[in-house]
Amino acid sequence: MGTVANTQETLIGVSFKKQSAIGTGVSSTSDFWRIAKTNPALATVDPKTEDDAADIGKGDEFARNSFPLAQDASVPIEGYLTSEKLALAMTFVLGKTTKTTPAAGAYTYTSVMSSPVTDGIEPPLMTYVEQIRPGGSSVIDRALLDCAVNSAAVRMNSGAGRQNATVAMELVGSGRVTEPSTITLPAALTEHGLNSGGFGIVINGVNYVTERSFIDCELSIGKAIDLESGLFPGSGVTSAGFQVRGRMEHGTRTVGLRFKVRFTNGSTELASLLAQTEGTAVLTWQGALITGSTFHSATITLHRITIASAIVGDSNGKVTVDCQVSAKVHSSNGLMTAVVTTNQDNILTAAA
């Protein structure tokens, strides 16, 4: 019997290029990033079965046989906020991206919410690889195909340390899993932090960093991938007979923003709520220099917002107000725009 593996031995690979089609996994080492994450959860591969206990004609109420149904696959990824992870999350969760090159070795990805009319309802899909001791003594070595970013969240908190700037992604797959993965992952990606010290937030014209009143915030984007409709006659099966999905389509998408700030004389949040004042929400980050005057950076803009709720409370003995923002579609600029500059090329391009 081999030695027990530690979770921290896990190697994690995500394809920064999208799959060319559902069922066609990304296979080239050069199309993967080997990244770090902070949550210990491994991928969930869940083949579901049912038995015939309820069938009539057996002479009693007990089961005689079990039958394969469908296979589910999912994985949560949580990590410190970096330009690379933020670019990956925003391009794949929003779905429509334009790349520009502001300087040699720097790449800016401008992403907006895809349009069902012109872009369809199937999101870009990636391949996720999870390995522990790959090779002759492998403990885990599998590739989850057809993974969509079902949700993404960016969180900023007060205090020191990398843990105060984080990003999370929930991936859901079609159920197609290749074991062993047959993929050799590259060396670990050098990531560049977008830490809390370089963060800015302006909501309805109020600069909460300049006012020195900011405490924390969370931006979330949901895709509501419709896993049930992906199971249809002919959608496909695994070698063991479990059905997999033949399409991965998003459902009702959502965008949410919550922020907490100190509440003082002259604070405008309650008045803005009561008057339903419209404005914008702009979140910015600046990290390390890439080249010249171009930095690892990001700007996420909600183009038309109102404050949906504002609850006055306490945080470490200080009076605060915790606000939920309602994001609305702007007639010219749309719902939101995420602009991320990093030193990684070809994010979201189609793999060969």
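Begin with the lining of the largest cavity, which by class has 4 nonpolar, 3 polar and 1 charged residues. Bear in mind that this is a predicted model.

**Stop 1: the cavity.** Select I203, N204, V206, Y208, T268, E269, S272 and I307, the residues that line the largest cavity. About 30 Å³ of space lies inside. A search of the whole structure finds 1 cavity of 30 Å³ or more.

**Stop 2: the largest pocket.** Select T7, Q8, T10, I12 and K37, which lie nearest the centre of the largest pocket among its 15 lining residues. Strands β1 (11–15) and β2 (32–35) are the elements that give two or more residues to this lining. The pocket has a volume of about 310 Å³. Sorted by class, its lining has 8 nonpolar, 5 polar and 2 charged residues.

**Stop 3: the second largest pocket.** Now select K18, E122, P123, P124 and L125. They lie nearest the centre of the second largest pocket, which is lined by 16 residues. The volume here is about 230 Å³, and the lining has 6 nonpolar, 6 polar and 4 charged residues.

**Stop 4: aromatic rings.** How many aromatic pairs does the structure hold? There are 4. For one of them, select F199 and F214: their ring centres are 5.5 Å apart and their planes stand at 50°, so the pair is tilted. F199 lies in strand β11 (residues 199–203) and F214 in strand β13 (residues 214–222), so the pair ties together parts that are 15 residues apart in sequence. Both F199 and F214 are buried.

Go back to Y208 and select F259 with it. Y208 and F259 form a tilted aromatic pair, 5.5 Å centre to centre with 45° between the planes. Y208 lies in the loop between β12 (206–207) and β13, while F259 lies in strand β14 (residues 254–262), so this pair ties together parts that are 51 residues apart in sequence. Are these two residues buried or exposed? Y208 is buried, with a relative accessible area of 3%, and F259 is buried, with a relative accessible area of 0%.

**Stop 5: cysteines.** A search of the whole structure finds 0 disulfides. Select C217 and C323: C217 is in no disulfide, and the nearest cysteine sulfur, that of C323, is 12 Å away. C217 counts as buried at 1% relative accessibility. Finish at C147, which is buried with a relative accessible area of 1%.

Note on methods:
Residues numbered from 1 in each chain as written. Predicted model: local features only at pLDDT ≥ 70, side-chain atom pairs only at ≥ 80, totals over all residues. Heavy atoms only, no water. 1 Å grid on protein atoms, 1.4 Å probe; cavity = no way out; pocket = protein on both sides within 12 Å on 5 of 7 lines; lining within 4 Å. Points joined across faces, edges and corners; volume = space filled by probe spheres on them. Nonpolar A, V, L, I, M, F, W, Y, C, P; charged D, E, K, R; others polar. Helix = DSSP H or I, 4+ residues; strand = E, 2+ residues; numbered from the N terminus. Disulfide = S-S within 2.5 Å. Buried < 20%, exposed > 50% of the residue type's maximum accessible area, 1.4 Å probe, protein only. Phe/Tyr/Trp six-rings, centres within 6.5 Å; stacked < 30°, edge-to-face > 60°.
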